[in-house]
Amino acid sequence: MSPSRVAWRPLTEDETRAVFEKLANYVGKNLVHIINPSGASSKEDVEDDEDTAPLLRLQKDKVFLLNTSINNLATSVARPNLISLGQCLGKFTKSGKFKLGIGSLDVLARWARYKVWVKPNGELPFLYGNHVVKAHLGRITEDTPEHQGVVVLSMSDIPLGFGVSARSTVDTRKLDPTGLVVFHQADVGEYLRDEDTLF
Amino acid sequence: MVLPTEEEKEREATEGQDAQVVYGRIRDIVRILGDFRRFKAANRSRADYTQQLIADISSYYGYTPFLAEKLFSMFSPDEAVAFFDANETPRPVTIRANTLKTRRRDLAQALINRGVSLEPIGKWTKVGLQIFDSNVPVGATPEYLAGHYMLQSPSSFLPVMALDPQPNERVLDMASAPGGKTSYMSALMQNTGVVFANDANAARTKSLSANVHRLGCKNVVVCTHDGRQFPKVIGGFDRVLLDAPCSGTGVVSKDQSVKVNKTERDFALLSHLQKQLILCAIDSINTKSATGGFVVYSTCSVTVDEDEGVVDYALKKRPNVKLVDTGLEFGVEGFTNIGGKQFHKDMHLTRRFYPHVHNMEGFFVSKLQVLPRSVLKNKLQQAEEKEENDERLEEDDNEAGADVTFNDDEDKALMESEYFTLTRNCLTKTQKTNAANKKLEVSSHSNLKPSNLFFRLLLYIRDFT
């Protein structure tokens with residue numbers, strides 16, 4: 001039986017892999033920058049900036065990304081009283097699958113390989129939880145393949161959420177205006193809509 | 001203008017009042033009280049007018065008589081009416097640009113493009129914008145959802161500006177929901193160090209953590225302990241912000257229910273809680289902090305017993321704490337005495353903000369510096385030296401002789417008694433030492449030489465702390 005997910009603890013091997021796989025879907029090789037932001041290449045380097053080394057921690061199903069010093073201080077807080085800390089990347093479902101949450105947008109937007117920009121008239125429909133249609137598509141990374149994790153931005157480069165590409169860049173050109181380009185996964189509107197269940 | 005007679009008052013009570021008449025009467029009485037000698041009726045005293053004015057204010061503005069009197073007594077009559085008037089009009093909508101994600105100029109431009117008319121709040125803040133008019137809901141624009149700004153009243157910028165958190169510090173926000181101040185602190189610290197955002201109400205931590213994540217604050221730990229659990233949960237903070245739960249008499253324009261639902265007992269309970277919390281806040285400080293050691297106590301209430309009263313209590317209870325300048329460039333000085341109450345002489349360093357003066361919510365901000373215990377010890381030594389000097393001087397006056405012996409059991413009772421706290425209070429105010437001695441003299445233990453007893457208490461305190 002797998003360890004309880006209620007506890008405040010480091011992730012198990014399997015859980016870590018599940019989280020990395022999801023992240024890699026968006027950021028690809030850049031994943032290394034998330035795990036090792038200082039660019040440390042040797043073990044000594046890692047030990048040097050022990051305080052800022054990022055960690056993954058699990059609390060009540062949710063996965064948090066935080067640095068070591070915050071983690072050490074937060075151990076003083078009793079588990080039932082600890083609500084959140086650092087960045088919330090997402091949560092494990094009851095069946096053990098990992099689902100990226102809107103809290104991971106900062107990380108994804110910084111390192112994502114494939115991006116989609118929506119026109120101003122498409123911002124609100126996306127923020128209300130709808131998929132992105134061709135008519136709202138402003139720009140798209142040149143070589144985006146099909147079913148690839150993409151970050152959705154406004155034309156002024158504000159990250160609005162993320163999703164999965166429905167077509168490759170080449171195929172979107174042939175699409176009619178109502179055809180779907182990006183399947184919605186998460187958007188910043190959730191901070192308002194799902195405030196109660198988010199964290 | 002003539003005050004209504006008893007019969008007229010009764011008729012008003014049964015038949016209901018004409019608001020216009022009452023308001024006219026309020027204005028008249030204020031004018032009369034302004035130049036009392038000239039305008040008063042021959043057979044009327046100032047108390048008669050004041051009483052009628054308070055009754056009229058309570059009926060016209062809809063406050064309970066108790067609260068009307070409480071608030072009225074803090075101001076001059078015309079200022080009081082201006083205060084009550086200002087509580088009837090809503091304050092302007094303001095936002096704070098989140099410097100973690102954007103700059104104020106960029107944000108202003110983005111919002112102007114969406115049809116929002118806005119302007120910087122004032123020279124005193126670099127992150128505040130005032131909204132005049134908007135075609136879109138300001139709380140649901142893509143910029144808002146992406147965390148570029150927070151809807152936040154200007155009064156809640158002030159305690160954070162006073163706290164002035166520095167990068168890489170450990171900071172505590174004791175009552176933090178919904179997170180406006182927390183996220184401002186995090187922004188000032190540029191996402192370094194750590195901010196503990198606590199709120200006793202678990203339900204309110206939902207919106208707190210949603211806001212914290214939306215605004216991209218990565219150095220925040222959200223927890224839900226009773227504030228009084230600190231520093232048992234974790235201490236050693238460089239700075240602590242205590243924006244205490246309060247009656248909300250400063251935010252009447254936002255929440256009118258305060259007018260009627262706060263009784264005398266509520267005020268007593270609240271200030272009791274505030275006193276407990278401020279001591280916990282002070283005790284959570286790392287007194288050896290290289291950069292900090294500050295506590296900011298603020299409330300959105302204007303009543304004295306929730307503001308100066310609480311700070312005064314903390315100063316008396318913790319001799320190693322002193323008031324320092326808040327660093328805010330405007331605001332009214334706090335009261336050093338009011339209504340027969342005397343507060344600490346440095347209380348003028350605290351700042352009050354009023355709706356009718358500053359066009360923001362009523363607010364109180366004070367900044368306390370928590371000094372290391374060694375400073376306290378120095379103070380103790382000074383007190384001792386002064387004590388010895390006094391003793392020498394007094395020796396001539398005193399009846400000499402009385403045998404002085406000490407019995408630990410006896411002393412224990414004394415130390416736990418009021419003299420103990422009394423004496424502690426004296427430590428910060430050595431000039432009051434003599435008065436304290438006199439009190440000790442008249443006590444039942446008058447066979448003990450007071451100054452020696454005082455000396456022993458000092459030693460006890462030193463060992464104890």
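## Chain B at a glance

Chain B carries 20 helices and 15 strands, where helices (H or I, at least four residues) and strands (E, at least two) are DSSP runs numbered from the N terminus. This is a predicted model, in which local features need pLDDT of at least 70 and side-chain atom pairs count only at pLDDT 80 or more, while totals for chains, interfaces and linings use all residues. Residues are numbered from 1 along each chain as its sequence is written, chains are lettered from A and ligands numbered from 1 in the order written, and side-chain values use heavy atoms, with hydrogens and water left out.

Of the 465 residues in chain B, 52% are buried (under 20% relative accessible area; exposed is over 50%, partly exposed in between; 1.4 Å probe, protein chains only). Take the contacts (heavy atoms within 4.5 Å) in chain B between residues at least 6 apart in sequence: 73% of them join residues at least 24 apart.

## Around B:C300

The UniProt annotation "active site", from an unreviewed entry, covers B:C300; such annotations may be inferred rather than shown by experiment, and positions are given in the numbering used here, with feature names shortened. B:C300 sits in the loop between β9 (294-299) and α14 (308-317) of chain B.

B:C300 counts as partly exposed because its relative accessible area is 22%. Setting aside neighbours within four places in sequence, B:C300 has contacts that include B:C246, B:G248 and B:F363.

## A four-stranded sheet

In chain B, four strands make an open antiparallel sheet, ordered β2-β3-β1-β4 (two strands pair if DSSP finds at least two bridges between them). β2 (116-120) and β4 (149-151) of chain B are at the edges with a single partner strand each, so one side of each has no neighbour in the sheet. From one strand to the next, the twist averages 35° (axes are lines fitted to C-alpha atoms, for helices over the stretch in contact, and angles run from 0 to 180 degrees between N-to-C directions).

β2(B) and β3 (residues 128-134) of chain B are joined by five bridges, and B:E119 has B:Q130 in β3(B) as its bridge partner. Helix α7 (residues 104-113) of chain B packs on this sheet, touching β1 (93-97), β2, β3 and β4 of chain B, with its direction at about 155° to that of β2(B).

## Helix α13

Helix α13 (residues 264-283) of chain B has 20 residues and spans 29 Å from first C-alpha to last, close to the expected 28 Å (1.5 Å times one less than the number of residues). Its buried residues include B:F267, B:L270 and B:Q274. The buried residues of α13(B) pack against several elements of chain B, among them α5 (65-72), β9 and α14.
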